[in-house]
Amino acid sequence: MRDLQSAVLDPWLGAILLLVLGCGWIGLGIYWGRRAKNLEGFMLAGRNVGLALAAATAMATWVTSNTIMLAPLFGLKYGIWGMLAYSTASFGLFLFAPMAHRIRALMPSGFTSGDFMRLRYGKAAWTIFLFITLVYSMAWLVSMGMAGGKFLEALSGIPYQYGMSAILFVCVVYTLFGGLYAVIGTDFIQSIIILLGIVIVGAVVLTRIEVDTAYETMALQQPMLLKVLMPVSLLVLFNNLFFGLGEVFHNNVWWSRAFSMRKGVPFKAFLLAGALWLPIPVAAGFIGMCAGPLGINTPDPDMVGPLVASKVLGAGGAILIFIVLFCSLASSIDSLLAATADLVTEDIYRKWINPDGDEATARKMSTWIIVGLGAVTWALCVPNFGNLIEVLFRSGPLVASAIWPVVAGLFFKKPSHLAAVVAMLGGSIAGSVVYESDAWYLSCVVSTAVSLISLVVVTAIKPAHFNWKQLDESPGGAS
Amino acid sequence: MWENETALRANEGHVLLSWEPTGKDSEYEIQYTGPGGESEIRYRGPDLAYFATGLAEGKHAYRVRESGGPWSRPVEVTVNYPPISHVLIGLVSGALLLGITMGTIAAGYRLCRTEGESGVAR
């Protein structure tokens with residue numbers, strides 16, 4: 001990290017916290033994982049998750065290290081609009097609620113978002129979709145692994161490589177033993193810790209800051225952070241919104257949750273999760289915006305959230321933010337490891353490599369895939385290249401291009417295989433070109449718009465007439 | 001002393017400035033000069049980088065020194081935001097796109113609810 005001269009916690013205290021939290025999550029993961037008796041239990045927690053656990057796991061998964069670290073960074077860089085921009089990611093959860101209901105109804109025995117693309121649009125669209133989702137999932141995993149290493153180094157002085165390795169190891173181990181049962185169980189506890197922690201830190205920062213003085217300081221030193229018409233911030237608002245929609249609509253993390261929930265639960269669970277998640281980035285963004293008025297220098301802007309919290313609250317605050325960050329990292333890394341392993345097992349291993357293999361072999365393969373994903377993530381995190389925004393947001397145009405093929409394919413019969421292929425390719429290429437120019441903050445909007453136009457035009461020229469029963473792969477279904 | 005180049009562009013209104021250390025326990029000062037010519041010290045402390053954010057449009061200059069030592073050459077940061085007309089076009093397009101997305105999901109969900117779950121929306 002960039003020359004922050006003093007860590008707040010002693011490295012030994014950091015190591016002890018890491019050990020206690022790590023052993024705790026591994027122990028709970030093994031305990032809950034005993035219920036995973038077969039592949040469906042391991043991958044989808046028996047398709048019987050109730051409302052409280054379902055809402056908590058969706059909320060905790062969406063509170064990633066990026067929420068705790070990037071939302072304050074958005075506040076620091078883009079001011080009031082930046083703070084609100086990050087919270088627009090809650091739209092992803094809100095709008096996924098009706099989609100999750102539909103997914104559960106159309107695909108009672110579905111496993112992954114890849115299953116939907118394969119059955120709805122065929123092999124070409126499925127292949128493009130797998131590429132998009134694997135690139136995004138790896139970018140998300142790497143950004144979280146890097147965030148873990150950075151925050152441990154900043155708060156406790158534990159070297160980046162050690163901290164990053166320890167966090168990945170803990171998450172791989174408990175996901176390996178417990179599958180989705182472990183992920184959902186630990187997510188429930190982690191969501192409570194995260195909510196309480198953010199509320200406490202935000203409230204204390206609010207009591208330590210004099211609003212009038214803070215406003216005057218910002219108006220003098222950082223005037224654009226307070227401007228209603230701060231140009232880049234306003235553009236970031238919609239870019240982040242469509243990035244969030246793309247992330248949630250396409251990724252198997254959310255689809256596997258929809259498949260795992262009891263009938264009738266998904267709609268309410270995702271609405272509730274969005275409502276619980278919404279205030280968290282606002283509070284975190286506010287904490288980041290307060291760095292200047294509090295006189296806190298941010299030599300590594302990625303670390304502004306943990307830095308402000310630990311400076312304002314002292315060692316106690318640093319311990320609190322350590323626990324909150326560890327929980328937010330663990331709750332997202334475990335979910336992503338499990339969901340991506342499911343996708344690779346179901347869509348690549350069972351459908352491509354070994355279609356005749358039995359369930360026990362697939363279950364064994366699934367554990368090796370979790371280990372492999374952890375190892376690849378670790379290898380990509382070691383060099384500590386780029387900043388967190390760069391690592392994650394580069395995949396934004398790709399996932400935004402999948403919004404319309406997913407939405408239209410779930411609710412309408414006419415979009416064809418070709419429409420989905422053209423929409424994903426057109427959106428990804430146009431959005432990536434914009435990202436590489438000076439206007440990264442328009443890339444997801446452009447990708448979504450090009451994808452929508454392509455889908456509508458191709459559908460108008462050559463409509464399909466899809467039979468919904470083809471999405472049902474259960475023994476009595478049409479597929 | 002600076003690790004940055006002497007002329008920087010910051011079209012998003014923020015820039016990270018960094019400098020080389022001069023000694024083990026050294027303290028540093030950053031002096032800022034705004035577009036109107038006003039100067040002030042913006043940072044005093046041991047860090048080896050300074051993040052300037054929320055900068056108004058125009059030219060901004062920064063100098064660094066070890067406390068009590070001579071000032072470095074200035075780094076000039078130029079901020080040029082996109083024109084507000086471009087921003088408004090972006091905002092209107094984004095809002096329109098969001099409206100279409102929300103409307104489509106709401107309409108599709110409603111159709112499926114009213115006509116049964118087995119896929120009747122066309």
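**View 1. The area buried between chain A and chain B is about 4,300 Å² in this predicted model.** Carbon and sulfur atoms give 72% of that area. The contact draws 49 residues from chain A and 44 residues from chain B. Across the interface the rule finds 0 salt bridges, while 6 residue pairs are in polar contact, both residues being at pLDDT 80 or more.

**View 2. On the side of chain A that touches chain B, helices H4 (65-87), H5 (90-106), H9 (211-221), H10 (231-250), H18 (403-411) and H20 (443-461) each give two or more residues.** H10(A) provides the largest share, 9 residues. By class, this side of chain A has 37 nonpolar, 7 polar and 5 charged residues.

**View 3. The largest cavity has a volume of about 130 Å³.** The structure holds 3 cavities of 30 Å³ or more. Lining the largest cavity are 14 residues, of which A:Trp62, A:Tyr86, A:Ala89, A:Glu247 and A:Leu392 are the closest to its centre. Two or more lining residues come from each of H4, H10 and helix H16 (388-393) of chain A. H10(A) gives the largest share, 4 residues. The lining divides into 8 nonpolar, 5 polar and 1 charged.

View 4. The lining of the second largest cavity has 8 nonpolar residues, 1 polar residue and no charged residues.

Conventions: Residues numbered from 1 in each chain as written. Chains lettered and ligands numbered in written order. Predicted model: local features only at pLDDT ≥ 70, side-chain atom pairs only at ≥ 80, totals over all residues. Heavy atoms only, no water. Contact = heavy atoms within 4.5 Å. Buried area = accessible area lost by both parts, 1.4 Å probe. Salt bridge = Lys/Arg side-chain N within 4 Å of Asp/Glu carboxyl O. Polar contact = N/O pair within 3.5 Å; in protein donor to acceptor, adjacent residues only side chain to side chain. Nonpolar A, V, L, I, M, F, W, Y, C, P; charged D, E, K, R; others polar. 1 Å grid on protein atoms, 1.4 Å probe; cavity = no way out; pocket = protein on both sides within 12 Å on 5 of 7 lines; lining within 4 Å. Points joined across faces, edges and corners; volume = space filled by probe spheres on them.
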